[in-house]
Amino acid sequence: MRFGVRNLNDFFKNNLVAVTITAAVLTRLIFILYTHYTAEDAFITFQFSRRLAQGMGFVYNPGQPIYGTTTPLFTLLLAGWLKLFSDPRLGAWILNLAAFAGTMAFTSLSLEKLGVSKIRQYLVV
């Protein structure tokens with residue numbers, strides 16, 4: 001089987017959205033690895049997740065139940081991560097990348113199901 005320029009062009013044309021999603025996820029991954037950026041608000045979520053993983057419940061300080069996170073599902077997922085691993089930032093980055101890729105893929109598949117052309121899917125994603 002010959003894999004020449006023509007076949008490569010056909011591949012990119014037929015898989016434009018998948019290539020775009022892959023490039024976007026890789027770009028985001030490179031940004032995370034290069035900057036190690038974590039928004040300061042995330043550390044509140046990390047504290048709630050840590051306490052939850054330690055069995056203290058959904059609290060910021062032990063013995064003081066308070067609703068102080070804007071991301072309860074993310075907090076629960078990170079608590080599960082912290083049961084297995086010790087670094088909440090790494091877990092947050094991985095969950096962030098997975099959610100980002102999943103959102104883009106879901107959007108693309110939804111648009112495809114609605115009959116939107118590949119080029120318009122590419123422009124939306």
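Reader: In what order do the elements of the protein run from the N terminus on?
Author: The order is α-α-α-β-β-α-α-α, made up of six helices and two strands. Helices are DSSP runs of H or I with at least four residues, strands are runs of E with at least two, and numbering starts from the N terminus. This is a predicted model, in which local features need pLDDT of at least 70 and side-chain atom pairs count only at pLDDT 80 or more, while totals for chains, interfaces and linings use all residues. Residues are numbered from 1 along each chain as its sequence is written, and side-chain values use heavy atoms, with hydrogens and water left out.

Reader: Why is Leu82 called buried?
Author: Buried means under 20% relative accessible area, exposed means over 50%, and partly exposed is in between (1.4 Å probe, protein chains only). Leu82 has 15%, so it counts as buried. Of the 125 residues of the protein, 25% are in that class.

Reader: What does Leu82 touch?
Author: Contact means heavy atoms within 4.5 Å. Leaving out residues up to four places away in sequence, Leu82 touches Phe46, Ser49, Arg50, Ala53, Asp87 and Pro88. Ala53 is 29 residues from Leu82 along the chain, and their C-alpha atoms are separated by 6.2 Å.

Reader: Which residues of helix 4 are buried, and what makes them one face?
Author: Thr75, Leu78, Ala79, Trp81 and Leu82 are buried. They fall within an arc of 160 degrees seen down the axis, so they line one face of helix 4. The arc is that of the directions from the helix axis to the C-beta atoms. These buried residues pack against helix 3 (42-53) and helix 5 (88-113), while the face turned away carries the exposed Leu73, Lys83 and Leu84.

Reader: How do you know that the buried residues of helix 2 line one face?
Author: The residues in question are Val17, Thr20, Ile21, Val25 and Ile32. Their arc is within 130 degrees, so they line one face of helix 2. Helix 5 and helix 6 (118-124) are among what covers them. On the other side, Thr27, Ile30, Leu33 and Tyr34 are exposed.

Reader: What makes the nonpolar surface patch of about 260 Å²?
Author: Leu26, Leu29 and Leu33 make it. Patch residues need over 30% relative accessible area and no salt bridge; like charges are joined within 9 Å, and nonpolar side chains (Val, Leu, Ile, Met, Phe, Trp, Tyr) within 5 Å. A salt bridge is a side-chain nitrogen of Lys or Arg within 4 Å of a carboxyl oxygen of Asp or Glu. Areas come from the Shrake-Rupley method with a 1.4 Å probe, and for residues only the protein chains shown count as cover. Leu26 belongs to helix 2 (residues 16-35), and its 46% makes it partly exposed.

Reader: Why is Ala98 called partly exposed?
Author: Its relative accessibility is 49%, so Ala98 falls in the partly exposed class. Ala98 lies in helix 5.

Reader: What is the phi of His36?
Author: It is positive, about 55 degrees, although His36 is not a glycine. Most residues other than glycine have a negative phi.
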